[in-house]
Amino acid sequence: MQENYLNKLFSSKGRASRKEYIVGLLTWFIPFYHLNEVIDYFSKSSSLIMFFLMKAYFIVTFLYFVRYFFLTARRLHDLNINGWWQLISFAPISKMISVPISMLISVPLIFVIFLTFKKGTPDTNKYGEPPSC
């Protein structure tokens, strides 16, 4: 599974199972958490250290979001949905409707929960064979 996971790291082709989606989210959450802890620890330190830590944080954040787009596209493919539909979770609904800020957080959260628990199509669909794991 690890070799398959690394080959699909930045690929939107094929399908991703619920397990692959959850593992993909968690394997990127852990480095984020630890990098935040390191930044908190060195926050009162010299500006040079903080400069490099913030650069590292920016790189990790950028890679996470790029990776998340590919993973989510494959997860949507498993549901027989076009991967571009993930952009709906980033729509600026606060400009369209008068909504409290807490609702902005819940839209992506509901989307992630949906992708986590919704079963994929059991048979071959237009995006390929069902995932093996």
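Phe10, Phe58, Ile59, Phe62 and Leu63 make a nonpolar surface patch of about 520 Å². The model is predicted, with local features needing pLDDT of at least 70 and side-chain atom pairs pLDDT 80 or more, while totals for chains, interfaces and linings use all residues. Residues are numbered from 1 along each chain as its sequence is written, and side-chain values use heavy atoms, leaving out hydrogens and water.

**Surface**

- A patch joins residues with over 30% relative accessible area and no salt bridge; nonpolar side chains (Val, Leu, Ile, Met, Phe, Trp, Tyr) are joined within 5 Å, like charges within 9 Å.
- Isoleucine 59, one of the patch residues, sits in helix α3, which spans residues 47-78.
- The protein's accessible surface is about 9,100 Å². Carbon and sulfur atoms account for 70% of that surface.
- Areas come from the Shrake-Rupley method with a 1.4 Å probe; for residues, only the protein chains shown count as cover.

**Fold**

- The protein has five helices and zero strands. Its pattern along the sequence is α-α-α-α-α.
- Helices (H or I, at least four residues) and strands (E, at least two) are DSSP runs, numbered from the N terminus.
- Of the 133 residues, 29% are buried. Buried means under 20% relative accessible area, exposed over 50%, and partly exposed in between (1.4 Å probe, protein chains only).
- Take contacts between residues at least 6 apart in sequence: 70% of them join residues at least 24 apart. A contact means heavy atoms within 4.5 Å.

**Salt bridges**

- Side chains of opposite charge can pair when their charged atoms come close.
- The structure holds three salt bridges. Each needs a side-chain nitrogen of Lys or Arg within 4 Å of a carboxyl oxygen of Asp or Glu.
- Arginine 15 pairs with aspartate 78 at 2.8 Å, N to O. Arginine 15 lies in the loop between α1 (2-7) and α2 (18-41), and aspartate 78 lies in helix α3, 63 residues apart. Both arginine 15 and aspartate 78 are buried.
- Glutamate 20 bridges to arginine 74, with the closest N and O atoms 2.5 Å apart. Glutamate 20 is in helix α2 and arginine 74 in helix α3, so this pair ties together parts 54 residues apart in sequence. Glutamate 20 and arginine 74 are both buried.
- Arginine 75 meets aspartate 78 at 2.7 Å, N to O. Both lie in helix α3, three residues apart, about one turn of the helix. Arginine 75 is buried, as is aspartate 78.
- A network of salt bridges links Arg15, Arg75 and Asp78.
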